[in-house]
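Subject: Structure handover

Hello,

Here is the structure we talked about, with its sequence. Please open it first, then read the notes below.

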Amino acid sequence: YISKKSNMTDEIEIHDLLGKYATDVIGTCAFGLKLGSMTDEDSEFRKYGRQLLKTTYRQLIVTMLGLISPKIPNMLQIQQFLPEVIEFFNSTFKEVITYREINNVNRNDVAQTLMQARKELVLNNDSFPEEKFTEMDIIANAILLFVAGAEPVSDTLAFCFYELALNKPIQDKLRQHIFETREKHGGEFNHNYLANLHYADMVLLETMRKHSGVINLFREATKAY
């Protein structure tokens, strides 16, 4: 993809490229789908994913009402996102569920975990009322996963590449670290290789320290950085 783009232009919009990459990764890991966002400029997942993250007056109003009282949006039956966006992810996830149930497909991914949660918390009539979930609760978790897994990843990587471009010694050290670590693992791209990329982890952590992905973080640090 990059080779093809570089033959067409001297400039590549890295954030958009990383957004497509992150969309494909989260689509595969979470939903078991091959989205092809890298090659499909009109990818529906990319299109609706952007709409999820696009700030609108609707979202601001619902968020403000939710901060006052989480019950208000529910009482007024106001959704934070556009109905067509919710419907897209709703229908997509239901298609995944239907396909796996009909074909007896069992994958070790988030979609399978959500399907199990649906079975235990939505379809199980023996569970206690306070433990019951609605179908939309499960869909909402799928949407949350997509939002949390796609855009923050592309944002962080874009800032990371920017910082590496400004700090060539660190860029060279990171590249050398990646090559040496991969050589230690016989050139294989596996979990052990990724788990031993300690310097890469440090680079990403420093990137997130300098360029926070959120405006507010409602968490309390328990250890010194």
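This is a predicted model: local features need pLDDT of at least 70, side-chain atom pairs count only at pLDDT 80 or more; totals for chains, interfaces and linings use all residues.

**Overall picture**

The chain has 225 residues, and buried residues make up 30% of them. Its C-alpha atoms fill a box of roughly 55 × 45 × 45 Å along the principal axes. The chain exposes about 16100 Å². Carbon and sulfur atoms supply 57% of that area. Take the contacts with a separation of 6 or more: 52% of them are between residues 24 or more positions apart.

There is a division into domain 1 (1-152) and domain 2 (167-224). Taken over C-alpha atoms, the centres of domain 1 and domain 2 are 26 Å apart.

**Salt bridges**

The count comes to seven salt bridges. The rule asks for a side-chain nitrogen of Lys or Arg within 4 Å of a carboxyl oxygen of Asp or Glu. Side chains of opposite charge can pair when their charged atoms come close.

Start with Asp16 and Arg46. Their side chains meet in a salt bridge, at 3.8 Å from N to O. Asp16 lies in helix α2 (residues 14-31) and Arg46 in helix α3 (residues 44-53), so the pair ties together parts that are 30 residues apart in sequence. Arg46 has 10% relative accessibility, and the cut-off for buried is under 20%, so Arg46 counts as buried.

Now go to helix α9 (residues 168-184). Lys168 forms a salt bridge with Asp172, with the closest N and O atoms 3.0 Å apart. Lys168 and Asp172 are four residues apart in this helix, so about one helical turn separates them. Asp172 also forms a salt bridge with Arg175, and here the closest N and O atoms are 3.1 Å apart. Asp172 and Arg175 are three residues apart in helix α9, again about one turn. Asp172 is partly exposed, with a relative accessible area of 31%. Arg175 is partly exposed too, at 37%.

**Thr23 in helix α2**

Thr23 lies in helix α2. Is Thr23 buried or exposed? Thr23 has a relative accessible area of 1%, and under 20% means buried, so Thr23 is buried. A polar atom of the Thr23 side chain lies 2.8 Å from the backbone oxygen of Gly19. Set aside neighbours within four places in sequence. Thr23 is then in contact with Leu35, Ser37, Phe45, Arg46, Phe146 and Ala150. Note Arg46 among them: this is the residue that pairs with Asp16.

Tyr21 is partly exposed, at 43% relative accessibility. Tyr21 and Met64 are 43 residues apart along the chain, and their C-alpha atoms are separated by 32 Å.

Leu144 is found in helix α8 (residues 135-166). Its relative accessible area is 54%, and over 50% means exposed, so Leu144 is exposed. Leu144 and Asn104 are 40 residues apart in sequence. In space they are 26 Å apart, C-alpha to C-alpha.

**A nonpolar surface patch**

Which residues form the nonpolar patch on the surface? Leu204, Leu205, Met208 and Tyr225 do. Together they have about 430 Å² of accessible area. Tyr225 sits in the segment after α11 (198-210). Tyr225 is exposed, with a relative accessible area of 75%.

**Where to look**

Best wishes

Notes
Residues are numbered from 1 along each chain as its sequence is written. Side-chain values use heavy atoms; hydrogens and water are left out. Helices (H or I, at least four residues) and strands (E, at least two) are DSSP runs, numbered from the N terminus. Buried means under 20% relative accessible area, exposed over 50%, partly exposed in between (1.4 Å probe, protein chains only). Patches are made of residues with over 30% relative accessible area and no salt bridge: like charges are joined within 9 Å, nonpolar side chains (Val, Leu, Ile, Met, Phe, Trp, Tyr) within 5 Å. Accessible areas come from the Shrake-Rupley method with a 1.4 Å probe; for residues, only the protein chains shown count as cover. A polar contact is a pair of N or O atoms within 3.5 Å; within protein, one must be able to donate a hydrogen and the other to accept it, and residues adjacent in sequence count only if both atoms are side-chain atoms. Contact means heavy atoms within 4.5 Å. Domain bounds come from an automatic or database domain assignment.
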